[in-house]
Amino acid sequence: MSSVSASRSPSLFSLLFLSSLLLVSQIHASSQSVTLPFLDGLSYNYYLLTCPLIERIVRKHLEDVFQKDSGQAPGILRLFFHDCFAQGCDASILLNGVGQDDEKQNFANIGLRPEAIQTIENIRQIVARQCLRVVSCADILVLAAREAVRQSGGPDFDVRLGRKDSLTFNVSAPNNLPAPFARTSDLLKKFGDRKFDTTDVVALSGAHTFGRAHCPSLVNRTIEDNPPIDPDFKNKLKATCPSNANPDITVDLDNITPTKFDNKYYINLLNKQGVFTSDQDIAQDPRTKDIVRSFANNQKLFFDKFANAFVKVSQLGVLTGFEGEIRKTCFATNKGNELHGIKSVVEMPEMF
């Protein structure tokens, strides 16, 4: 009897492994591949041997989260951008300062949703229970941001994995983020310094097609007419965000479909109903206005360009190999070097 069960065990393992691969292939078959220069250390199949169902785990959990709270989708996407544009896609934004400020206290990060931050840690706990501690918070954040776009009606596309979590954070690093009152020249300069072109800038601005803005970030739109603003829309903003408004009060970034990822944001800009100065100005600047119009007329074009720009963002300043770690919790770094063995296991798919 023991010899029979011993002979069946490898077969059962093989069937389970093949089933996992089939689920992974189904996820990738329905998504769009983005062709960009290969970044050493990242791959589409990074967790093939250690956590082959990672994308499915993230996807299924967020389906429940977004069903209960659709506002977490733009919250997670913003968290992703603010992490990557600080010191790189290394989950440094998730670290809590002990007796000191951390990146979340920077003025540029005002309004980050605590629920979105907690959701990334919740996913890490679920993944750790199913795959042990082999998946980084940085990769989970990238996957969650991609899902936030996809599950809100936006494009589905593949992302490379293999990032490690940072060992430090930088309180001033969020100063790299473009301000909501920035003009197009400022945007093109900040993004251009990170190797993003003009189309990337306009496409990434389209992330404001869902979510909400806090009154302090748009107060200048209630008192200025440059860039131009629709008078009725301006009065609406004034009513919601008077000069003495509570900073916790928010307005929809897209007044047509505020919870859906689509191209209506660009239609708003053509109607002079951009919430932020940085939004409306790209519809007026001669370097970007034609791209705004093309995205307003062609949602698929916007989706394709956004996916391409998203992947570029996801590869900013990543840590790979032994440069970082796999955190025990997304909110704190590990102590000592006990993760080296686990890192070696994670690297095995790349060896094959």
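**Disulfides and a recorded site**

Begin by selecting cysteine 89, which is buried because its relative accessible area is 1%; buried means under 20% relative accessible area, exposed over 50%, and partly exposed in between (1.4 Å probe, protein chains only). The model is a predicted one: local features need pLDDT of at least 70, side-chain atom pairs count only at pLDDT 80 or more, and totals for chains, interfaces and linings use all residues. Residues are numbered from 1 along each chain as its sequence is written, and side-chain values use heavy atoms, with hydrogens and water left out.

Cysteine 84 and cysteine 89 are joined by a disulfide, S to S 2.0 Å, a disulfide being a pair of cysteine sulfur atoms within 2.5 Å. This link is right-handed, with 120° about the S-S bond. Cysteine 84 also counts as buried, because its relative accessibility is 1%.

Next, select cysteine 51 and cysteine 131, whose sulfur atoms lie 2.1 Å apart in a disulfide. The torsion about their S-S bond is about 60°, so this disulfide is right-handed. The pair links distant parts of the chain, 80 residues apart: cysteine 51 is in the loop between helix H1 (2-29) and helix H2 (54-68), and cysteine 131 is in helix H4 (residues 114-131). Helices (H or I, at least four residues) and strands (E, at least two) are DSSP runs, numbered from the N terminus. Cysteine 51 and cysteine 131 are both buried.

Move on to cysteine 215 and cysteine 241, joined by a disulfide with an S to S distance of 2.0 Å. Here the torsion about the S-S bond is about -70°, so the disulfide is left-handed. Cysteine 215 lies in the loop between S1 and helix H8 (231-240), and cysteine 241 in the loop between H8 and strand S2 (250-252), so the pair ties together parts that are 26 residues apart in sequence. Both cysteine 215 and cysteine 241 are buried.

How many disulfides does the count come to? The count is 4, and with the bonded cysteines numbered in sequence order the pairing is 1-4, 2-3, 5-8, 6-7.

Finally, select His208, where UniProt (unreviewed entry) places the feature "binding site"; such annotations may be inferred rather than shown by experiment. Histidine 208 lies in the loop between helix H7 (198-205) and strand S1 (212-214). It counts as partly exposed because its relative accessibility is 23%. Display its contacts (heavy atoms within 4.5 Å): leaving aside neighbours within four places in sequence, histidine 208 touches Leu253, Asp254, Tyr265, Phe276 and Asp279.
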